[in-house]
Amino acid sequence: KENDVNKANQQQEQALVSPSKEEYKRRLAEGLLENGTKSSRILAFKTKAPAPSEGYDNVMRSLYTANSGPRIPRKQHRAIPQAPERILDAPELLDDYYLNLIDWSANNVLAVALSNSVYLWNASTGDIQQLMQTGDDANDYVASVQWSADGKHIAVGTASANVQIWDATRLKQLRNLRGHSARVGALAWNSHLLTSGGRDNVIMNHDVRIRDHVQSRLRGHEQEICGLKWSPSGNQLASGGNDNLLHVWDIHNTSGYLHRMDAHQAAVKALAWCPFHSSLLASGGGTADRCIKFWNTHTGACLNSIDTGSQVCSLVWNKHEREILSSHGFSQNQLCLWKYPSMTKIAELTGHTSRVLHLATSPDGCTVVSAAADETLRFWKVFEDTNPAAAA
């Protein structure tokens, strides 16, 4: 009975709905729902909006057009490849923290010291040449290599305390500079001046143009010199030693160091002068220190220090951005890219299976090669020229 009553009520309500309401519902449904024609959409213009009258000026126009000008593009964060572009074998690359065994020339030639020999790898052509080999002494080996600024000559330091200068084009030795009494593990060019540092704790400045080449001896370290770098201006020399000391020397005063920094707690091998600030020097400490420190070399003040968590083996600055790349030893044997001055870690590059002892940068400042005790060279496209047109 109840169902019969409900049906009767529904029939009565339908009978009361007027035809005009039915038509309204039909028109409303057509307007709300897509039926395949543009004209059936609610809020769609049936015809174009009427044009304003002649001379009409919309007072609100400035409000709506204030931000309509060309937008300044936001700087895009570049993608940093996590894998090397190339890997080369480097058999017999010595696992010795205190040596400096690779350097990349202005002519795009990479010099690599492998045991008692130096090889030249042309990054443009892929050609490999053997530059030299030490003598018959089985205990002799190459301890350091360094290209001159023009990429035509290369200096080679040996375990037998010799400093040799070679013509890289003719593969011919030009000079043998004597003076050290122990192996020469660090070299740095400054125009015609070649600076060498040895296990005899002495730094020597050689004028390669003249016969009596020794211009000065710098004494201040108490143990082996393992890091040497001239500033871009050529006015200051940074030296790091196994005595945990960092010295800054003035080219015009060879009687003593300008600054003596003793903040590191381990050997100071990694040194890098900033390309965009002439008096900013970065230094890295060994296993017991693990820190990258930044120095104002005018005042000798330490500007910042960051504990990286592992041995700092090498440092290179990015020439195109305010960034610095570090290479490390135990336990991850990684490369770390840092934003300066915040020292926020941008990227971490892994792949080496032993400590990454050396870094060198390509002439265009975009590729960095790392050399590790796992006897491999890895080439990383870690930097980027942000203004190639200006560079050209």
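**Cores and aromatic pairs in a predicted model**

The count of aromatic pairs comes to nine, where rings of Phe, Tyr and Trp (its six-membered ring) pair if their centres lie within 6.5 Å, with planes under 30 degrees apart called stacked, over 60 edge-to-face and the rest tilted. This is a predicted model, in which local features need pLDDT of at least 70 and side-chain atom pairs count only at pLDDT 80 or more, while totals for chains, interfaces and linings use all residues. Residues are numbered from 1 along each chain as its sequence is written, and side-chain values use heavy atoms, with hydrogens and water left out.

**Aromatic residues**

- Tyr97 and Tyr98 make an edge-to-face pair, 5.5 Å centre to centre with 90° between the planes.
- Tyr97 is buried at 5% relative accessibility, whereas Tyr98 is partly exposed at 24% (buried means under 20% relative accessible area, exposed over 50%, partly exposed in between, with a 1.4 Å probe and protein chains only).
- Phe294 and Trp317 are also edge-to-face, because their planes meet at 65°, with ring centres 6.0 Å apart.
- This pair links distant parts of the chain, with Phe294 in strand E20 (residues 291–296) and Trp317 in strand E22, 23 residues apart; strands (E, at least two residues) are DSSP runs numbered from the N terminus.
- Over the ring of Tyr97 sits the charged end of Lys269, 5.5 Å from the ring centre (the rule asks for NZ of Lys or CZ of Arg within 6 Å of the centre and within 35 degrees of the ring normal).

**Nonpolar cores**

- The largest nonpolar core has 30 residues, and Leu110, Val118 and Leu377 are among those with the most contacts inside it; such a core is a set of buried Ala, Val, Leu, Ile, Met, Phe, Trp, Tyr and Cys residues joined through side-chain atoms within 4.5 Å.
- Strands that each supply at least two residues of this core include E3 (109–114), E4 (117–122) and E28 (376–380).
- E3 gives the largest share, six residues.
- Apart from this core lies another, of 16 residues, with Leu280, Phe294, Cys336 and Met343 among them.

**Around Ser314**

- Ser314 lies in strand E22 (residues 312–317) and is buried, with a relative accessible area of 11%.
- A polar atom of the Ser314 side chain lies 3.4 Å from the backbone nitrogen of Leu359.
- Beyond its neighbours within four places in sequence, Ser314 is in contact (heavy atoms within 4.5 Å) with residues including Ala270, Leu325 and His358.

Key. Helices (H or I, at least four residues) and strands (E, at least two) are DSSP runs, numbered from the N terminus. A polar contact is a pair of N or O atoms within 3.5 Å; within protein, one must be able to donate a hydrogen and the other to accept it, and residues adjacent in sequence count only if both atoms are side-chain atoms.
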